[in-house]
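This text walks through a structure, one part at a time. Please keep the sequence and the model in view.

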Amino acid sequence: MSSTANSGRAGRALPWALVTPALGWTLLFFVLPFIAMGFSSLTAHEGGGFTLTNYSQFFTNPSYWQAMVNSLQVTAIVTVVSVLLAYPFAWILAEQVPERWQRLALMLAVLPFWTSYVVRSYSWLLVLAQNGVINRALTGSGLIAEPLQLANTRLATVTGFVHFFVMLLTLTIFANLKQLSPSYRKAAADLGAGPVRTFLHVVLPLTLPGIMVGAFLTFVLCIGDYITPQILGGNNELLMPQLVMMQIGRRGDFPLASALSIILMAVVTIAYLACARWLKIERA
Amino acid sequence: MRRIVRVASWVYALAVYGFIFLPVVVLVLFSLQATSFPIPPFTGPSLRWYDAVLSDTRLTSALVNSLLVASISSATAVTLGFLSAWGFARFVLPGSGLLRGLITLPLTVSYLIIGMGLLVLFNWAGVPKSLLAAGIGHVVINLPLCFAIIYSQMGDHQINIERAARDLGAPEWKVLLLITVPVMAPAIFAGFFLSMTFSWDEFVISFLLTRFDTTLPVEIWNLLRSGLNPKTNAVGSLVFAVSIVLVVLFELTLLRRRKA
């Protein structure tokens, strides 16, 4: 930017002195750990030495493979349900709520977003447990005789995730809807389109790239999360992060945990590449 | 038609608000009853379990640990983030785009994998599990955030003020401390408070990198082994309250920036 003004007086040392601490921290505590993890994933748990078994195990052991399938299924369900729930909600906040109340309405809508992850999952356990709020309400009102098995199921994991991501997506989609210039809607109305047609042909397509970004963010955060499936899903079916933590906790098998982490990251990267390409096609 | 949309909107919005607030209301409500299970019917109010939390030294020391780790790691992250943002915004550096990409890269990786990497590295280097190790991890996740916030706020307006100061003979360190820091204060505070909230809530890195002395989310995790427990409700409500205070502070600094 203003290099000519600065370089004379400051010399070359100052700018490097400013950026080196941050770069050094990132190299030392982010890049180097990553390399260490890569090396670790290629060593045998018993006795060390180079091996590829940590990776081949993933493909040959059906329970590991199943964890990845579970993770992908849960993440896909969560992403779709969250987008479908959040979009109308964000639309109502942006279009139906009077302007002066919008800030407050949005702040309220994302308030529980700031509870800690662990506490939020535990709160859902209170709601879904055998003697929890929902089962007490249903048995109390005589709708069902026996309490339903809600906790420790995939449904519980999905509910906990959807709760979090509805808030996140409401934030991003709301911002997207507010960024739309009102002149688009006016133009559509001038050309004779009713509110439904305006929405389907103007508002929805223009907010689609924003939805994709939110959906991708949901995918990445959801597939890497350990807490929600561990607290709400229990150990009935394992997701990838649970599998990784299990290798460390029970067996101290760092090489296998490293390999599984790297595989998980590879899947996210592939999803990113697929998503990025799809986004570009959408824009063209 | 208009009216139908209106009514449907109200019903839908209230349903979603209900869904969003249901677990939080249940958490706080049942933290306020004296029975030993946080389940219906509600028999409060009572502050018995808050008393139990505040007299539990494991929880209170974990709370102090959390505040220490959050404030020190956030201060470190915001300092490194500010200095690098200033360096990249004010000077032309070779490979600037690539280096900025490197600093923001940790944002794209899940906490679990960042924690795993540090665990493997520290294990290999013989660094023991400790609060310091967890704090280092928290700086890794918050530095890119602080950098991105502060870097995005460094505009031409500030450059001109800095230039004026230099023309009047101020040395570089004086420009930094007396001009840039005060001008950038809202962004610096925003980065700091956002880091505080993330570090305060962070679980998996602390879980992997600490042992006996640990942070509050990990201690709450340990409480979960006892199943539904009103003490967990009480400590969870307290944690929520602290997060809300941090978020309000964050909002206020944002508002001040908008008015300025």
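A residue is called buried if 20 or more other C-beta atoms lie within 10 Å of its own, exposed if 12 or fewer do, and partly exposed in between, with C-beta atoms placed from the backbone. This is a predicted model, in which local features need pLDDT of at least 70 and side-chain atom pairs count only at pLDDT 80 or more, while totals for chains, interfaces and linings use all residues. Residues are numbered from 1 along each chain as its sequence is written, and chains are lettered from A and ligands numbered from 1 in the order in which they are written.

Chain A has 13 helices and zero strands (DSSP runs, H or I of at least four residues for helices, E of at least two for strands, numbered from the N terminus). The radius of gyration of chain A, taken over C-alpha atoms, is 24 Å, well over the 19 Å that the globule rule gives for 284 residues, so chain A is more spread out than a compact globule. That rule is 2.2 Å times the number of residues to the power 0.38. Of the 284 residues in chain A, 39% are buried.

In chain B, helix α6 covers residues 131–152; its 22 residues should span 32 Å at 1.5 Å a residue, and its end C-alpha atoms are 31 Å apart, which agrees. The expected span is 1.5 Å times one less than the number of residues. Because 19 of the 22 residues of α6(B) are buried, the helix is largely enclosed by the rest of the structure.
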